[in-house]
Amino acid sequence: MSQPVSMSGPRPGRCRVCDADVVEFLDLGAQPLSDAFLTPKDIGHEFFYRLAVGRCTGCTMVQLMEEVPRERMFHAEYPYHSSGSSVMREHFAATARRFLDTELAGTEDPFVVELGCNDGVMLKTVHEAGVRHLGFEPSGSVGRLAAESGVRVREAFFEESSAADLRRREGAADVIYAANTLCHIPYMDSVLRGVDALLAADGVFVFEDPYLGDIVERTSFDQIYDEHFFFFTARSVRAMARRAGLELVGVERLPVHGGEVRYTLARAGSRQPSPAVAELLAEEEARGLADPRTLDAFAERVARHRDELVALLRRLRAEGRTVAAYGATAKSATVTNYCGIGTESVSFVSDSTPAKQDRLSPGMHLPVVPPEVFAKARPDYALLFAWNHAEEIMRKEEDFAREGGRWILYVPEVRVV
Ligand code: SAM
Ligand code: TMP
Ligand code: ZN
């Protein structure tokens, strides 16, 4: 690596990438762990932390002000299953096929490593193509599902030591990939040293995560929760890459999960950056995405959207309407706890994930029920927490709308459809 990245441990108010001061611009208050669905006996023993976001005065990286210990979030009962959405299953199958057909075509005995392979949604296709691979997945609950589909999984956090160990045992990786995982990792210095240890000389490190540009544009403040530590832009990723001897050589906007960017990093000088990199950097500059005033204006909109949503739910309650919610997303922990949405406004949340069902949502304790209960209950309104899967869910639940049910959305604006 060309320069040491960051410090050895977290320092309050200092950037986890470059160690400069981080200035807070949004405080979403005390929040529970976003994926900690409870049983009634857990009430009173929930872990809370302060959810606030700031911007680094050095590298511009937007990040949480407080860090939740990783073992509290990712463990043997981690409930998020990547394969729960057909759109995402197709997205990851296409991603794998693209690696196989382009990046890895012509490489002898290629090796693909994934961080956060979850239930194997992407690596399954790599495995089926007979290509050497390994997924790092610290959450045993989902890693086990990946292993059952034939994917090779290591139940470990990807970091410098585990990456260097893999390099010693199995050689360099041609593709290192992470979807919705890199932004979850505050110890970025260690991860980048791990990438440096593992990546082949002409390999690529590809990762995709929610894009700050989309979050600001859509006021999707519910993308902010414990597991989302970093909010990347092309500018901040480029700065981060440089500190690690890497270069940002590709960017691609993705429509999934409410707007993401897929970044491609390579060893500095090994590849020509695509024109899309300069274009996105210029667009970010024109939009003032790194400007503190843009982020302050975003914070003001967040408070306004909260007030509008709370007022709408209050009005519906006063009118005697029934309201349920749809999708017990990690994102919804932020919305419900920040807005104070409890069972007096929303009677339950429908979710297709067995590990979330018959549990209570974190902090506000909304009961989570299977979709069959939603279909039978026929509420007047459904608050769509899984707005990023709107098309898929509305298609699945077309009976609800046909019979007069209405969806409540709050991204990009609070509205009823
Ligand atoms: N890649 C999948 C997707 O896009 O749907 C899973 C995303 S899930 C939100 C994040 C995953 O990253 C979890 O399964 C978690 O256990 C895993 N994870 C967290 N920290 C990690 C680390 N340091 N190394 C590897 N995986 C990690
Ligand atoms: P995500 O936004 O983090 O991907 O979470 C989506 C949540 O919504 C997850 O708990 C699964 C749930 N879900 C349904 O209940 N029905 C669906 O059709 C889809 C796509 C997701
Ligand atoms: Zn910084």
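Q: Let's start with serine 85: buried or exposed?
A: Serine 85 counts as buried, because its relative accessibility is 6%, and a residue is called buried when that value is under 20%. Bear in mind throughout that this is a predicted model.

Q: Where does serine 85 lie?
A: Serine 85 lies in the loop between helix H1 (70-73) and helix H2 (86-103).

Q: And which backbone atoms does its side chain reach?
A: The side chain of serine 85 reaches the backbone nitrogen of valine 87 at 3.2 Å, and the backbone nitrogen of methionine 88 at 3.1 Å.

Q: What is serine 85 in contact with, leaving aside its neighbours in sequence?
A: Once the neighbours within four places in sequence are set aside, serine 85 is in contact with His389 and Glu392.

Q: Changing topic, what coordinates the zinc ion (ligand 3)?
A: The zinc ion (ligand 3) is coordinated by the SG atoms of Cys15, Cys18, Cys56 and Cys59, at 2.3 Å. The angles among these four donor atoms are 96 to 116°, and the site is tetrahedral.

Q: How are the donor residues spaced in sequence?
A: The donor residues of the zinc ion (ligand 3) follow the spacing C-x2-C-x37-C-x2-C. Cysteine 15 belongs to the segment before strand E1 (22-32), while cysteine 59 sits in the loop between strand E2 (48-56) and strand E3 (62-64), so this pair ties together parts that are 44 residues apart in sequence.

Q: Are cysteine 15 and cysteine 59 buried or exposed?
A: Cysteine 15 and cysteine 59 are both buried.

Q: You mentioned E1, E2 and E3; what is the order of the strands in their sheet?
A: The order is E1-E2-E3-E9, an open sheet of four strands with antiparallel pairing. E1 and strand E9 (230-231) are at the edges with a single partner strand each, so one side of each has no neighbour in the sheet.

Q: How many bridges join E1 to E2?
A: Eight bridges join E1 to E2, and the two strands run antiparallel; aspartate 27, for example, has alanine 52 in E2 as its bridge partner.

Q: Which helices go with that sheet?
A: Helix H10 packs on the sheet, where it touches E1, E2 and E3, and its direction makes about 25° with that of E1. H11 lies across E1 and E2 and runs at about 85° to E1.

Q: Why is H11 described as largely enclosed?
A: Nine of the nine residues of helix H11 (residues 331-339) are buried, so the helix is largely enclosed by the rest of the structure. The buried residues of H11, among them Lys331, Asn337 and Tyr338, pack against E1, E2 and H10. Just after H11, glycine 340 takes a positive phi of about 70°.

Q: What about the sheet of six strands?
A: That one is an open sheet with mixed pairing, in the order E14-E13-E12-E15-E16-E17. Strand E14 (368-369) and strand E17 (415-416) are the edge strands, each pairing on one side only. Helix H10 (residues 292-318) packs on this sheet, touching E12, E15, strand E16 (406-409) and E17, and the direction of H10 makes about 150° with that of E16.

Q: How do E12 and E15 run?
A: Strand E12 (residues 323-326) and strand E15 (residues 381-384) run parallel and are joined by four bridges, with alanine 324 standing opposite alanine 382 in E15.

Q: Which residues cover the faces of strand E4?
A: Phe111, Val113 and Leu115 on one side of E4 and Val112 and Glu114 on the other are all buried, and both faces are covered. Five bridges join E4 to strand E5 (residues 132-136), and these strands run parallel; phenylalanine 111 stands opposite arginine 132 in E5.

Q: Last one, where does phenylalanine 232 lie, and what does it touch?
A: Phenylalanine 232 lies in the loop between E9 and helix H8 (234-243), and counts as buried because its relative accessibility is 0%. Not counting residues up to four places away in sequence, phenylalanine 232 touches a list of residues including Met61, Leu182, Phe207, Pro210, Met240 and Tyr263. Phenylalanine 232 and tyrosine 263 are 31 residues apart in sequence, and their C-alpha atoms are 9.7 Å apart in space.

Notes: Residues numbered from 1 in each chain as written. Chains lettered and ligands numbered in written order. Predicted model: local features only at pLDDT ≥ 70, side-chain atom pairs only at ≥ 80, totals over all residues. Heavy atoms only, no water. Donors = N, O, S within 2.8 Å, 3.2 Å for Na, K, Ca; no water. Tetrahedral: all angles 85-135°; square planar, octahedral: opposite > 155°, others 65-115°. Buried < 20%, exposed > 50% of the residue type's maximum accessible area, 1.4 Å probe, protein only. Pairing = 2+ DSSP bridges. Contact = heavy atoms within 4.5 Å. Axes fitted to C-alpha atoms, helices over the stretch in contact; angles between N-to-C directions. Polar contact = N/O pair within 3.5 Å; in protein donor to acceptor, adjacent residues only side chain to side chain.
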